[in-house]
Amino acid sequence: MSSVSSRPESLARWLLAFLLGGVVIAGALVLGFRAWLDAPLNLSRPVTVELPPGGNLRGLLSDLRARGVLMHPLLLRAHLRLEGKANKVRAGEYSLEPGITARGVIRKLLAGDVVRSEEHTSELQSPCNLVCRLLLEKK
């Protein structure tokens, strides 16, 4: 009988060990992700990236990956989606300085901290504004 009664205890111990191991692994993943968010990106000089009007976050993050600035764009995109902020990034041209972190990029994109906005650029390049500027320069 002792072997029958020890089986449920043994199973309970294994289940508890499995659950505790899962909690430890999940905690390590969260801590690692937070450390990644706060680590400086791979920038030796300032980089300018552009999010055109109607452009999407995936394209911008892919551009950063192609330039070797951001190694895990999917993680950053997933983070923004889970936070409900993926659709709140603003169009424009962004300057990323050496020392900026992934969290810093998120702040810039959400705040619209642009070098120049796409709306402003398109206003300056409209035919009417170009003609007006030329006429004013002649005076």
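I started with helix H3 (residues 73–82), whose buried residues are Pro73, Leu76, Arg77, His79 and Leu80. Buried means under 20% relative accessible area and exposed over 50%, with a 1.4 Å probe and protein chains only. Seen down the axis of H3, these residues fall within an arc of 160°, so they line one face of the helix. The arc is taken from the directions from the helix axis to the C-beta atoms. On the face turned away from the buried side I found the exposed residues Leu74, Arg81 and Leu82. Just after H3, glycine 84 takes a positive phi of about 75°.

A note on the source: this is a predicted model, where local features need pLDDT of at least 70, side-chain atom pairs count only at pLDDT 80 or more, and totals for chains, interfaces and linings use all residues. Residues are numbered from 1 along each chain as its sequence is written, and side-chain values use heavy atoms, with hydrogens and water left out.

Next I looked up the partner. Helix H2 (residues 57–66) packs on H3 at an angle of about 150°, with the axes 9 Å apart. That makes H2 roughly antiparallel to H3 (angles over 145 degrees count as such). From H2, Leu57, Arg58, Leu61 and Arg65 make the contact; from H3, Pro73, Leu76, Arg77 and Leu80 do. Contact means heavy atoms within 4.5 Å.

Last, I checked serine 95, in strand E2 (residues 92–96). Serine 95 is buried, at 16% relative accessible area. Leaving out residues up to four places away in sequence, serine 95 touches Val47, Thr48, Lys108 and Val115.

Key: Helix = DSSP H or I, 4+ residues; strand = E, 2+ residues; numbered from the N terminus. Axes fitted to C-alpha atoms, helices over the stretch in contact; angles between N-to-C directions. Parallel < 35°, antiparallel > 145°, perpendicular 65-115°, else oblique.
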